[in-house]
Amino acid sequence: MKPSHSLRWRIQIWHGLLLVVVLMLSGVAAYRHQHTSELRRVDRELRERVAVIVDSLPMIGAWARHDAGATPPGRSPLYTLPPERAALFDPQSKPAFYFVVWKRDGTEWARSAGIHVDVPMPERPPPGSLGQVDRTRGDLREAFTFTPPGECLLVGRSTALEMAALREYLRGIITLGLAVLALGFGGGWWITSRALRPLQAITATAERISEGQLSERINAPERDSELGELAAVLDDTFAKLETSFTQQAQFTADAAHELCTPLSIIISHAQRGLRGERSAEENHELFDACHRAARRMEKLTTSLLALAQQDANAAAPDKQPCDLADLARETAALIRPAVDAKQLTLHLDLAPAACVAHADGTAQIILNLLTNALEHTPAGGSVTVKTSVDAGHATLAVTDTGPGIAAEHLPHLFERFYRADPSRSRSTGGAGLGLAISKAIADAHGAALEVASTVGAGSTFTLRLGAVSAEPATTAASLSAVLPFRLRSSA
């Protein structure tokens with residue numbers, strides 16, 4: 001991955017830019033504060049000495065009138081302050097202060113000893129601003145003032161020491177800033193690496209899963225952070241995907257196995273029929289066996305299509321008012337011939353049970369439950385269908401007097417291709433999909449489909465839907481158009 005595409009590098013770049021800007025602003029502010037403080041201190045010292053010169057101006061004037069004449073031509077008149085003030089302008093001190101006094105006509109009147117630079121007379125400030133004024137010439141800082149008559153008094157000193165100290169201070173700021181920047185980059189890289197560690201784990205886990213290791217999980221140690229929550233969601237998604245892939249693989253294997261059996265029957269009987277001449281009765285048996293195998297394949301493929309359609313239309317079905325009693329009565333009438341053929345007794349205890357449901361889907365559930373009861377109830381037994389309203393639920397219960405189901409099979413009874421008694425189911429033509437289809441439809445309705453069974457006493461399948469008090473709308477017309485197809489498609 002290119003650094004420009006890396007999330008870590010992008011965060012580092014933005015973090016670094018922000019840190020550089022903050023450090024630069026902080027450094028500039030610190031330097032300007034130090035520079036201003038030093039300049040104010042120097043100005044304060046200069047103004048204190050300007051005041052001393054102003055106080056000494058009468059003595060300077062007297063000295064100039066009587067002693068300045070001794071100054072050789074072409075040289076500036078040097079004046080020495082009284083001892084108590086001369087220490088303020090000691091040329092040997094560091095820094096050394098100097099002063100210059102100009103007459104009203106601009107000629108130099110007096111200056112302190114030890115001045116090795118030319119000092120031009122300042123420009124006279126505009127009228128009304130005769131206070132002390134500061135100026136900077138190179139490394140020299142000077143303060144001056146004009147008397148009302150027009151004499152100019154200037155005090156100055158070199159700021160080389162302060163400038164050197166400021167340069168050293170600036171180097172310290174830069175060094176400290178670089179150290180903070182390096183520390184910030186290092187800390188930012190460490191924090192970013194720790195923060196993005198779950199993403200690296202997610203990427204590595206996703207790569208292993210894409211290679212077929214579906215059992216891999218992220219298992220992020222931090223579950224409270226945003227990435228930890230994302231890792232938890234992805235772990236849950238991976239678990240569902242693994243379950244889905246496993247179920248899909250199992251479903252495909254079961255479907256292939258179920259289709260293989262009737263195909264083998266058809267192929268073997270066809271090969272047998274091709275070997276030599278046979279009587280009409282023998283040929284009839286062969287064709288009848290092929291026909292039964294083909295019908296079984298038809299039922300299986302129809303059930304698979306029903307499941308595929310149910311999976312594809314996983315969204316909530318279009319519901320409408322209906323009555324479980326009407327749907328049960330219509331379905332019972334359709335299976336009455338099969339009940340009589342198997343010498344069973346069908347009891348109907350149908351009380352009004354209004355609900356809001358998809359009538360076709362609910363009828364499919366009832367048909368599958370009745371078909372399942374007929375298949376597992378021996379001749380002479382009975383099947384009871386009861387509808388009622390119980391605790392706010394429209395309830396339909398189908399009870400048979402079959403052999404019952406062992407407790408260990410009940411949790412798996414609605415799984416696809418699951419058979420509590422495989423040999424018995426195959427003998428009756430069931431593929432183990434009818435209850436799975438019913439459960440899928442019930443789940444899409446938000447309904448509950450449950451089973452209770454006692455070995456040797458029979459089983460009861462119960463469907464519970466949300467009840468309504470409104471007058472139900474009969475869907476017999478649409479039901480009659482649907483049920484014939486459903487009779488063929490039930491497993």
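The chain holds ten helices and twelve strands, where helices (H or I, at least four residues) and strands (E, at least two) are DSSP runs numbered from the N terminus. This is a predicted model, in which local features need pLDDT of at least 70, side-chain atom pairs count only at pLDDT 80 or more, and totals for chains, interfaces and linings use all residues. Residues are numbered from 1 along each chain as its sequence is written, and side-chain values use heavy atoms, leaving out hydrogens and water.

Let's follow helix H3, residues 160–210. With 51 residues at 1.5 Å a residue, H3 should span 75 Å, and this agrees with its end C-alpha atoms being 71 Å apart; the expected span is 1.5 Å times one less than the number of residues. H3 bends by about 45 degrees at Leu 196, with Pro 198 following within four residues. That bend is the angle between axes fitted to the seven residues ending there and the seven starting there.

Now for some backbone details. Most residues other than glycine have a negative phi, and most peptide bonds are trans. The bond from Lys 94 to Pro 95, however, is cis, with omega near 0 degrees. Pro 95 sits in the loop between helix H2 (83–86) and strand S1 (97–102).

Gln 343 has a positive phi, near 55 degrees, and lies in the loop between helix H6 (324–341) and strand S7 (345–350). Because its relative accessibility is 59%, Gln 343 counts as exposed (buried means under 20% relative accessible area, exposed over 50%, partly exposed in between, with a 1.4 Å probe and protein chains only). Ala 391 also has a positive phi near 55 degrees, and at 70% relative accessibility it counts as exposed.
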